[in-house]
Amino acid sequence: MPRSRITQPPPRLAVVDLGSNSVRLVVFEGLTRNPLTIFNEKAVLGLGRGLQNTGMLNEEAIGPALTVMGRYAAVAQAMGAERVEVLATAAARDAENGPDFIAALRDRHPDISVRVLTGQEEAMFSADGVLLGFPGADGILGDIGGGSLELVELDRGRATNAASLPIGAIRLADRAGGEVAKARAIVESDLARVPWLKRGEGRDLYLVGGAWRALARMHIAQTSYPLSIVHHYVLRREEARDLAGVVAKADRKMLAGMPGAPAKRLGDMGYAAVVLRRLLRATGARRVVFSANGLREGWYARLLTEEVRQEEPMLAAGRELAQHWGRDPDLPCALQAWTEGLFEEETAEQAAMREASCWIADIGSHDHPDYRSEHAFFRVLRQPGVGLDHHQRAFLAMVVALRYEADTTAPFLDTAKQLLDAVAVKRAETLGAALRLAFTLSGGTPVLLAGTALRRRGGELQLRLVEGSGVFAGESVQRRLDSLAAALGLVPSVEVAAL
């Protein structure tokens, strides 16, 4: 088990997303910049199926929905959730019998807050969730559910205009009478009512919602993409358009045979694809960026202090890993200062990546020594941090693996190499070598590291050691200094200074 310095158990918070197609409970642990989900369960009930034609919630789904909500209330209580809230969306707010259903829910669970969101509120919750994962998001956000499509304009990290349209996958199928060709005209007409969508020209289109995440998983499976993580997955405009076109034209049998196709969503995928294709046309977006964050994470984000929300998510993720898996809380900052100046003309982004590397450099300290490099690699690559794109995950994972002396030809590193260009791979190898030298000298303690210094001087890489500080240039130190100097194209030298 990891040794944690947290003395008080972190709070647990539960939210139920009561949607037109599914009902989902998510339990978060802690109130940190990168939400940690410790429970996630979904029931596909179709509460909103038929709503377009009847004006009512699906009668066959009401009983099961109340049963599922009873389970979710019990789970949240058993897990010790300090706060539990139900967020009801399009089906509950639009159906004639929606108020009766909500009243029954409140009668059964008087201690749980049940909130029926307006379309605007739903859109802004989704925007808060996306901005938690993409702090500088700039473009158009689309969140597709079973009953509605929420749209938000994002201006460099700030939500501005918002709209809600009745073209969720289930409702669109009902409105179109099950005809995909008719659905195209409906979507085009509804999107035309949102004039500010045109300002998406040349910007990003951020996609939220289970049906669109399913499209991303299909593309990942079909292209053998090396990382099976939808969050931050990116498609060029042409790729997204082609994918949506193929799915929109495919019948159920064809869809079922496609790699990665979701068995429970086959009936909705064509309509979600139609909405995506028309949204690409309406916005003129240059690329599509998939977000696993949405309404539920937006609810969570609103519980955070402003100070926490403003933290840089990659660095926050690094600090959280160090807190749970590292040995000395003062070591990361010492490593950051020790590696300062190692790279010439370092950009702000590269400096942040180096700092994050220093935070995670000791996270394998409690693992079996024969597997430290591999365990640390996958711990970083697959971490739940919502603000890390795939390039950052790959770079940091490679750095920490090499810090633990992974063989550069080890097969498990292939995932990172496929996601990085040659320059980034070289930089990761160099930074990994520097951190390996630092740990060899210091034993992972800032006190011993303080008796050393590393600097570039002309064509030399100079290692300065303070005599009597507990460090010396033994064979392993010299070998690792030589390796680092070779990576930098410099000549190594050692200087011993008196106290």
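Trainee: Before we start, what should I keep in mind about numbering and cut-offs?
Mentor: Residues are numbered from 1 along each chain as its sequence is written, and side-chain values use heavy atoms, with hydrogens and water left out. Since the model is predicted, local features need pLDDT of at least 70 and side-chain atom pairs count only at pLDDT 80 or more, while totals for chains, interfaces and linings use all residues.

Trainee: Let's take strands. How many bridges join β1 to β4, and how do the two run?
Mentor: Helices (H or I, at least four residues) and strands (E, at least two) are DSSP runs, numbered from the N terminus. Two strands pair if DSSP finds at least two bridges between them. Strand β1 (residues 12-18) and strand β4 (residues 83-88) run parallel, and the bridges that join them number six.

Trainee: And which residue in β5 is the bridge partner of A88?
Mentor: A88 is also the partner in β4 of L18. From β4, four bridges go on to strand β5 (residues 113-116), again parallel. In β5, A88 is bridged to V116.

Trainee: Which strands stand at the edges of the six-strand sheet?
Mentor: That open sheet has the order β8-β7-β6-β9-β11-β10, with mixed pairing. An edge strand has a single partner, so one side of it is left without a neighbour in the sheet; that is the case for β8 (159-165) and β10 (234-236).

Trainee: Which residue of β8 is the bridge partner of E150?
Mentor: Strand β7 (residues 149-154) and β8 run antiparallel, joined by five bridges. Within β8, E150 has as its partner S164.

Trainee: At what angle does helix α11 run to β9?
Mentor: Angles run from 0 to 180 degrees between N-to-C directions, with axes as lines fitted to C-alpha atoms, for helices over the stretch in contact. Contact means heavy atoms within 4.5 Å. Helix α5 (residues 119-133) lies across β6 (139-144), β7, β8 and β9 (204-208), at about 55 degrees to β7. Helix α11 (residues 266-283) lies across β6, β7, β9 and β11 (287-290), and its angle to β9 is about 160 degrees.

Trainee: How many residues apart are F378 and F412?
Mentor: Their ring centres are 6.1 Å apart and the planes at 50 degrees, so the pair is tilted. F378 is in helix α17 (residues 372-381), and F412 is in the loop between α18 (390-403) and α19 (414-419). The pair links distant parts of the chain, and the separation is 34 residues.

Trainee: Which ring does the charged end of R302 sit over?
Mentor: A charge sits over a ring if NZ of Lys or CZ of Arg is within 6 Å of the ring centre and within 35 degrees of the ring normal. R403 does this over Y404, at 3.8 Å from the ring centre. For R302 the distance is 3.9 Å, and the ring is that of F125.

Trainee: How far apart in space are I170 and G50?
Mentor: I170 is in helix α6 (residues 169-175) and is buried at 1% relative accessibility. I170 and G50 are 120 residues apart in sequence, yet C-alpha to C-alpha the distance is 8.2 Å.

Trainee: Last one: what phi does E345 have?
Mentor: Most residues other than glycine have a negative phi. R156, in the loop between β7 and β8, has a positive phi of about 50 degrees. E345 lies in the loop between α15 and α16 and is exposed at 79%. E345 is not a glycine either, and its phi is positive, at about 55 degrees.

Methods: Phe/Tyr/Trp six-rings, centres within 6.5 Å; stacked < 30°, edge-to-face > 60°. Buried < 20%, exposed > 50% of the residue type's maximum accessible area, 1.4 Å probe, protein only.
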